[in-house]
Amino acid sequence: MAYKINNTFGTLLVTLADGTIDTASTDLTLFGKGYAGFGEKLNENFIKVLENFNNTSSPANKLQGQLWFDQTNKQINVYTGNKWKPVGSTTNSTTAPTNAVKGDLWFDTANTQLYVYTGTAWTLIGPTSVAGSGVTQVITETVQDNTGVFRSILKLVTQDTVVGVVSNLAFTPSSSETNAAALIAAGFTSVAQGIQLSSTVSSAKFRGTATDSDALGGAAASTFLKSTENDTTTGSLNIQNDTGLKIGAGNDVEMSMTGDDFTIANVTSNGNIIFKVKDGGVTKTVLTMAGDTGDVRISGNLTIDGDTVTSNTSTLTVEDNIIELNRNVSSNSGMPNYSGLKVNRGETSVATEQDLYWVWDETFADDGTTIHGNAGGAWTAFKSGGIGGQEMGAPTLVDIRANVIHATSTAAQYADLAERYEADCELEIGEVVVLGGQAEITKCKKELSNEVFGVVSESPAFLMNAQAGNNDTHPMIALKGRVLVKVKGCGNAGDRIVSAGNGEAKVVNLDECNHFNVLGRLIKTKYNEETALTECVIGVK
């Protein structure tokens, strides 16, 4: 049966199986029931306890309360649970011991000083005049000057730092003598007559009230500005306090710095800030900031050389008749591609947040005729997502809405005339429709139908009744012009097409045609039999 080994407090240290030993839990050998040769290990345990683990190094598997004889220092130690503590003598080391308890003694072997631990810090017992121990006192010292003569001085020392020297005469310390060299290192390359403070101690100065001074900052008192008299200065005036500079009997004008911001303020109620210049000997007001309204008035021309001007008003009013853009362009070669107005609509994450433009598009090329105006460009409405952060990164044409447009029409991108009609079913581009059904139109399901009405258009050149609905509920029906039609079977250019059922069309012979069933004609020859979107012209016989 395994042994359970507990310490004095009843805490389990180790469970020993029969016939085994343990040397890791403690610095003794613990052996289990039936271990052969246990007598040798038991006797060795007695010897270790008798010798208090005599060794030059401390036991590795120490327990709280264990004793160890330090062979090197010939000193008995006890383990406190945190460290080995000398018993009945001081701790001898060059650095302060850690994990000390109140009343511990430490002998500083580096400075030959004795300390006691108060429970919070090590307090020097003595001697107190050893450098590095935190000496604070006036020390009498003899130093050699650079002529070989020894001079007596008083050193003012605080926490081992020399903050001042008192001397009855001025001299230069020698760099070869020990005390003099130390004095130079403390900031005294030369010793002045009287009391002198160290140049190496930060902010060391005499403080209090003085009745007189030979010089302020090395300058005569007569060179300083007086607050009680009118005065001038040839130097710069630097005010580093946040309250800044105040002008006027009632401190009416304030000039101050807050962080990186510079502020000029007239704190008098309704008081103006006025900027004046002398133009040819005549004083003129060029800028007035009105205190009663907050308005800014500029007397004279205003020129802005920056790239961006931002106006945060809800409405911008311009009294001039003409607003000129690209004033710096001296020739057509320097003209930018786009010049005009931009409407910012957001972050371009969706179509309704893309930026909008009404611009003169310099890239548009007309045909050079007087019909087009021959201006080398065109007024254009764009939207742009700004691909890559670039203005007009992806320009796309947008609608222009108006009541009546007076213009000369010369071209259109598409070629059919269409109108929106309500459909009773889902329709696809190019399908043939008839009037009727459950709504205004429906898909043509008959062959050679005399009721054929039109074809579903994709992009009409002119759309009527555009606001009636969308493409799902009110598709655009081409009534005349060039349009794609679902045509099945082959045919030659010019052949007439009629309905073929299921919304499709087909080519027919003349003997099958009549005035009512002809939808239109093929524009180009169709070679394949499969149903395909084919360009046709409808509304012709």
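This is a predicted model: local features need pLDDT of at least 70, side-chain atom pairs count only at pLDDT 80 or more; totals for chains, interfaces and linings use all residues.
One of the residues taking part is Asn6, whose bridge partner in β2 is Leu12. The hairpin that these two strands form has five residues between the strands, and within this hairpin Gly10 takes a positive phi near 85°.

Ile139 has Lys155 of β13 as its bridge partner, while in the hairpin of β12 and β13, where five residues lie between the strands, Gly148 takes a positive phi near 95°.

Strand β13 is also joined to strand β14 (residues 161–167), again running antiparallel, by five bridges, and here Leu156 stands opposite Gly164 in β14. The hairpin of β13 and β14 has two residues between the strands, and Gln159 is the residue that takes a positive phi, near 50°.

When residues up to four places away in sequence are left out, Pro460 touches Tyr414, Asp416, Ala418 and Met476. The C-alpha atom of Pro460 is separated by 6.5 Å from that of Ala415, although these two residues are 45 residues apart along the chain.

## The chain as a whole

The protein chain has two helices and 35 strands. Its radius of gyration is 52 Å, whereas a compact globule of 541 residues would have a value near 24 Å. Taken along the principal axes, the box filled by the C-alpha atoms of the protein chain is roughly 135 × 110 × 45 Å. Of contacts in the protein chain between residues at least 6 apart in sequence, 36% join residues at least 24 apart.

Of the 541 residues of the protein chain, 25% count as buried, and the accessible surface comes to about 36,200 Å², with 51% of that area belonging to carbon and sulfur atoms. The protein chain carries 38 positive and 58 negative charges, and the mean positions of these two groups are 4 Å apart.

Note on methods. Residues are numbered from 1 along each chain as its sequence is written. Side-chain values use heavy atoms; hydrogens and water are left out. Contact means heavy atoms within 4.5 Å. Two strands pair if DSSP finds at least two bridges between them. Helices (H or I, at least four residues) and strands (E, at least two) are DSSP runs, numbered from the N terminus. The radius of gyration is taken over C-alpha atoms; the globule rule is 2.2 Å times the number of residues to the power 0.38. Buried means under 20% relative accessible area, exposed over 50%, partly exposed in between (1.4 Å probe, protein chains only). Accessible areas come from the Shrake-Rupley method with a 1.4 Å probe; for residues, only the protein chains shown count as cover. Lys and Arg count as positive and Asp and Glu as negative; His and the chain ends are not counted. The place of a charge is taken as NZ of Lys, CZ of Arg, CG of Asp or CD of Glu.
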